[in-house]
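Open your viewer and get ready to hop from one selection to the next. At each stop you will find what to pick and what is waiting there.

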Amino acid sequence: MFGELVTQLSSPTFFRHVVATVLALLIAIGIAIAIAVPSGLVLGSLPAVRHATRAVIEFLRPIPSVALIPLALVMLGFGPETKITLAVYAALWPILFNTIYALDELDPLQVETARTFGLGRVGILFRVALPNALPFVLTGIRLAATTALIVMVSVEIMASSQTGLGFFIMEARSGPGRMDQVLVGTVVAGVIGLLLNNGLEQVRRRWVAW
Amino acid sequence: MSNMLEVADLGHTYGDYEAIGGLTFDVRAGELVCVVGPSGCGKSTLLRTISGLIKPTRGDVRLNGSHLAVVFQDYQRSLFPWLTVQGNVEFPLRSLPRAERRKRAAEALEWVGLTAAARKRPWQLSGGMQQRVAIARALAFRPALLLMDEPFASVDAQTRFELEDLLLRVRREHDTTVLVVTHDIDESVYLGDRILVLSSSPARLVANLEVPLPAERDQVTTRTADGFVALRSKVARLLNVGKPSMDVEKWAAAERESLSETVSSS
Amino acid sequence: MNKFLQRWAVFAGLVAVWEALGLLADDPFFPPPSEIAVAAWEWWVLEPENLTDHVLPSIGRLLAAWAIASVIGVALGLLLGRSDRAMEYANPLLVFLRSIPPPALVPVFLLLFKVGTSMQVATIVFGVIWPVLLNSVDGARSVDVTKVDTSAVFQIRRAQWVFGVVLPAASPKIFAGLRVSLSLSLVLMVISELVAADNGIGWQLMQAQRDFDYTRMWAGVVLLGVLGYGLNTALLAVERRALAWQPRSRDEQHA
């Protein structure tokens with residue numbers, strides 16, 4: 001298997017598969033952050049909106065994103081937009097909930113202090129609430145990255161897009177039944193997960209040093 | 001009178017730091033002995049070696065009985081929040097039949113005046129009440145020696161007086177042998193039949209003083225009695241109160257080490 | 001009660017909007033909710049064999065695999081958590097194994113097992129054991145020193161130490177792990193059935209896709225959502241009862 005690992009790592013085809021997965025993954029995480037953090041801030045700071053949308057969110061959240069795979073495949077086709085869409089859907093929730101939770105944890109004393117200095121609602125949101133929420137949001141992003149990777153690989157395994165690590169793994173299985181190639185793909189997927197997780201943990205440690 | 005606890009040349013060293021340097025003393029049956037020393041003199045290490053939580057590097061601890069019980073300073077961490085008050089008191093008694101367990105727990109709770117709280121959770125009680133639960137648990141275990149580690153250091157002054165009197169009453173009624181480790185000079189004089197004064201790092205025995213006060217004590221009259229005042233001053237002088245004498249850094253390092261070194265039951 | 005009404009009013013409103021848009025647009029991709037409901041009724045209620053041959057086996061596999069993973073995960077986690085030596089050896093392996101995205105394991109297990117229940121259960125077990133295991137390790141390590149000392153002083157037996165001290169002390173963390181692994185179980189159940197199965201909810205979804213029956217695909221998605229919601233609610237109810245001893249304040253929990 002180690003021999004196969006070396007062979008594959010030096011193969012441009014395999015490299016393309018890895019790049020396709022990682023790139024799609026990064027795009028998906030970026031979109032998810034762009035949607036989930038602002039929504040989380042709105043829902044977290046406006047209890048009325050949060051209560052009103054609660055039933056909708058509680059209904060949407062438990063839908064496993066992989067259940068949408070067949071539907072998304074027919075609707076969006078076999079291109080990368082399918083896997084990105086589904087990964088975004090899966091990655092939204094951890095970021096959204098961590099952002100809301102972070103605003104809940106906000107120390108009322110700090111808000112009072114900010115208010116005595118004449119900060120308005122928006123000022124408090126950006127100068128007090130957001131910096132305080134950052135560690136939680138970063139944790140949410142770390143969880144979301146793992147989840148997005150899971151969905152990404154599943155969609156690729158479901159024979160979409162002709163590229164990606166999941167596609168490589170599935171091809172190795174269904175074509176020649178090469179266990180060594182399947183394992184190499186699996187291990188590389190694990191390494192991507194590990195690097196992503198550790199990288200985001202590093203970011204959290206460096207940026208959020210307080 | 002027979003000895004309940006015999007400590008002979010007990011010493012403990014962490015690396016090259018000597019926490020206790022050769023202690024020898026006895027505790028007689030039914031006696032209440034207070035160990036008092038400056039903060040960080042190795043009392044914590046002494047307690048852990050006597051209770052068997054760590055193995056001393058030299059010397060000998062002999063207990064005249066099968067087991068002892070400890071009341072820790074931090075009642076919040078020492079009580080189990082998932083058990084009721086009664087469950088906590090029954091905690092050390094699991095090997096006994098159910099009926100016997102119930103009986104002993106009910107008895108011990110009555111001694112500390114907590115019968116009504118038996119079904120509550122510890123965290124629903126005040127700090128002083130929680131420490132009573134810990135005392136009841138220790139008593140229910142029927143230990144040969146009741147070891148107390150700064151037992152009243154985490155409660156307010158009023159509660160502290162109450163608990164001190166509770167301890168005196170309970171040990172008189174049930175003839176319990178008690179060793180209290182404390183840094184509070186007044187407390188040691190008020191509670192003890194005898195006081196062991198320790199020096200700081202390494203802990204050595206500086207004095208072994210009998211307390212010349214009647215067995216019956218009272219928070220107001222006893223604390224103003226001539227014997228009390230004189231003994232308090234004597235202990236304070238022995239402890240060098242007011243003079244900086246210890247290496248704080250060194251002590252903190254040793255304390256941390258003593259906490260990580262545990263004979264865990266896993 | 002007011003909040004409750006408000007919440008469901010928004011929900012009902014959105015469903016109504018979807019219904020109206022669906023009827024107006026008449027887009028086969030987005031059938032109105034009423035049609036989805038009818039499709040679901042016809043599919044699983046009017047043809048009960050669809051329920052007994054597909055839905056129930058899916059749920060059965062899911063629960064069986066989750067239960068196996070939970071028992072192994074908790075037992076192993078508590079063991080590792082209370083033994084520094086074992087943890088030293090196991091930690092690097094754990095860190096790596098848990099980072100593997102579980103779906104990537106489906107093909108591995110496909111090669112190891114024949115298509116069928118054992119392969120699906122193995123995939124789910126292997127995929128969902130990590131959250132339980134790692135949380136149990138954390139929980140077991142979080143038993144505070146004073147409780148360890150107290151247990152040692154009272155010379156309690158091993159069984160009481162494990163079940164009376166370590167397990168309850170670790171239980172808040174364990175439940176957090178169980179919740180994560182339950183929703184992951186649902187995901188893996190669907191994937192394993194989409195990729196390789198001859199029955200189950202996922203397989204039915206694939207059938208609907210092959211027939212270009214969008215209404216049924218939506219019905220399947222809704223069913224899985226309801227299933228996920230139901231399972232999570234049930235586990236939360238159990239958790240609330242099991243952890244009822246926790247102090248109201250969050251201090252102890254976070255410590």
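Start by selecting Arg194(B) and Glu210(B): they form a salt bridge, with the closest N and O atoms 3.9 Å apart. A salt bridge here is a side-chain nitrogen of Lys or Arg within 4 Å of a carboxyl oxygen of Asp or Glu. Arg194(B) sits in strand 8 (residues 194-198) of chain B and Glu210(B) in strand 9 (residues 205-210) of chain B, so the pair ties together parts 16 residues apart in sequence. Helices (H or I, at least four residues) and strands (E, at least two) are DSSP runs, numbered from the N terminus. Arg194(B) counts as buried, at 5% relative accessibility. The scale is relative accessible area: buried is under 20%, exposed is over 50%, and partly exposed lies in between (1.4 Å probe, protein chains only).

A word on what you are looking at: this is a predicted model, in which local features need pLDDT of at least 70 and side-chain atom pairs count only at pLDDT 80 or more, while totals for chains, interfaces and linings use all residues. Residues are numbered from 1 along each chain as its sequence is written, chains are lettered from A and ligands numbered from 1 in the order in which they are written, and side-chain values use heavy atoms, with hydrogens and water left out.

Stay in chain B and pick Arg132(B) with Glu162(B), a salt bridge whose closest N and O atoms are 3.6 Å apart. This pair links distant parts of the chain, from helix 5 (residues 127-140) of chain B to helix 6 (residues 157-174) of chain B, 30 residues apart. Colour the two by accessibility: Arg132(B) is buried at 18%, whereas Glu162(B) is partly exposed at 42%.

Next, select Arg160(B), Glu164(B), Asp184(B), Asp186(B), Glu187(B), Arg223(B) and Arg232(B) together; salt bridges link them in a network. Over all chains, a search of the whole structure finds 34 salt bridges.

Now move to chain A. Which residue forms a salt bridge with Lys83(A)? The partner is Glu156(A), with the closest N and O atoms 2.8 Å apart. Here too distant parts of the chain are linked: Lys83(A) is in helix 5 (residues 80-104) of chain A and Glu156(A) in helix 7 (residues 121-157) of chain A, 73 residues apart. Both Lys83(A) and Glu156(A) are buried.

Zoom out to see chain A whole. You will find nine helices and zero strands, and the C-alpha atoms fill a box of roughly 70 × 40 × 20 Å along the principal axes. Of the 210 residues of chain A, 52% count as buried. Taking contacts (heavy atoms within 4.5 Å) in chain A between residues at least 6 apart in sequence, 78% join residues at least 24 apart.

Show every chain next. Two pairs of chains touch, and chains A and C make the most contacts. Chain A and chain B do not touch, their nearest C-alpha atoms being 23 Å apart.

Finish in chain C with helix 5 (residues 105-112) and helix 6 (residues 117-141), whose axes come within 9 Å and cross at roughly 140°. To see the contact, display Leu105(C), Val106(C), Phe109(C) and Leu110(C) from helix 5 of chain C, facing Met119(C), Ala122(C), Thr123(C) and Phe126(C) from helix 6 of chain C.

Methods
Axes are lines fitted to C-alpha atoms, for helices over the stretch in contact, and angles run from 0 to 180 degrees between N-to-C directions.
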